[in-house]
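Thanks for passing this one along.

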Amino acid sequence: MLHVLDVHTREALAIVIDRRIDADALVACLEHLASVHGAPDYIRMDNGPELTANAVRDWCRFNGATTSYIEPGSPWQNPFIEPATKLIGALGPTDRPGVSL
């Protein structure tokens, strides 16, 4: 699951639910969001391999966004994502938009 939140407005810009989200899917999501909202000044993310991939680094460099990584085991460094993850996880499969079994 991929969450993209605006840290200033706390608006959920994107929620991607898939079995596997790789760097290309992340870049596609970022491209879409940049076309709608403009490129961000920075992106805060954890150290997952799909988030530290060269494709994501290149996208950030080409769009002028800097990166800020969350230390492993430190969810308090990104306090808006953790509650959102718990809320979405608490919803049943039929309550999630775009998900069917």
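What percentage of the 101 residues in the protein chain is buried?

1. Buried residues account for 27% of the 101 residues in the protein chain. Please keep in mind throughout that this is a predicted model.

2. On the overall layout, the protein chain contains 3 helices and 4 strands. Read from the N terminus, the order of elements is β-β-α-β-α-β-α. If you look at contacts between residues at least 6 apart in sequence, 52% of them join residues at least 24 apart.

3. Now to the helix pair. Two packed helices are described by the angle between their axes and the distance between the axes. Here, helix α1 (residues 23–37) and helix α2 (residues 54–63) have axes that come within 9 Å and cross at roughly 20°. Angles under 35 degrees count as roughly parallel, and α1 and α2 are therefore roughly parallel to each other.

4. Which residues make the contact between α1 and α2? From α1 come A23, D24, L26, V27, L30, E31 and A34, while α2 supplies A55, V56, W59 and N63. By type, the residues of this contact divide into 8 nonpolar, 1 polar and 2 charged.

5. A55 belongs to helix α2 and, beyond its neighbours within four places in sequence, is in contact with A23, D24 and V27. Is A55 buried, partly exposed or exposed? With a relative accessible area of 30%, A55 is partly exposed.

6. Y42 sits in strand β3 (residues 42–45) and counts as partly exposed, at 32% relative accessibility. Setting aside residues up to four places away in sequence, Y42 touches V7, T66 and S68. Between the C-alpha atoms of Y42 and N63, 21 residues apart along the chain, the separation is 9.9 Å; N63 is also one of the α2 residues in the contact with α1.

7. Last, the aromatic rings. How many aromatic pairs does a search of the whole structure find? The search finds 0 aromatic pairs. A charge over a ring does turn up, though: R61 lies over the face of F62, at 4.8 Å from the ring centre.

Key
Residues are numbered from 1 along each chain as its sequence is written. This is a predicted model: local features need pLDDT of at least 70, side-chain atom pairs count only at pLDDT 80 or more; totals for chains, interfaces and linings use all residues. Side-chain values use heavy atoms; hydrogens and water are left out. Rings of Phe, Tyr and Trp (its six-membered ring) pair if their centres lie within 6.5 Å; planes under 30 degrees apart count as stacked, over 60 as edge-to-face and the rest as tilted. A charge sits over a ring if NZ of Lys or CZ of Arg is within 6 Å of the ring centre and within 35 degrees of the ring normal. Axes are lines fitted to C-alpha atoms, for helices over the stretch in contact, and angles run from 0 to 180 degrees between N-to-C directions. Helices (H or I, at least four residues) and strands (E, at least two) are DSSP runs, numbered from the N terminus. Angles under 35 degrees count as roughly parallel, over 145 as roughly antiparallel, 65 to 115 as roughly perpendicular and the rest as oblique. Contact means heavy atoms within 4.5 Å. Ala, Val, Leu, Ile, Met, Phe, Trp, Tyr, Cys and Pro count as nonpolar, Asp, Glu, Lys and Arg as charged, and the others, Gly among them, as polar. Buried means under 20% relative accessible area, exposed over 50%, partly exposed in between (1.4 Å probe, protein chains only).
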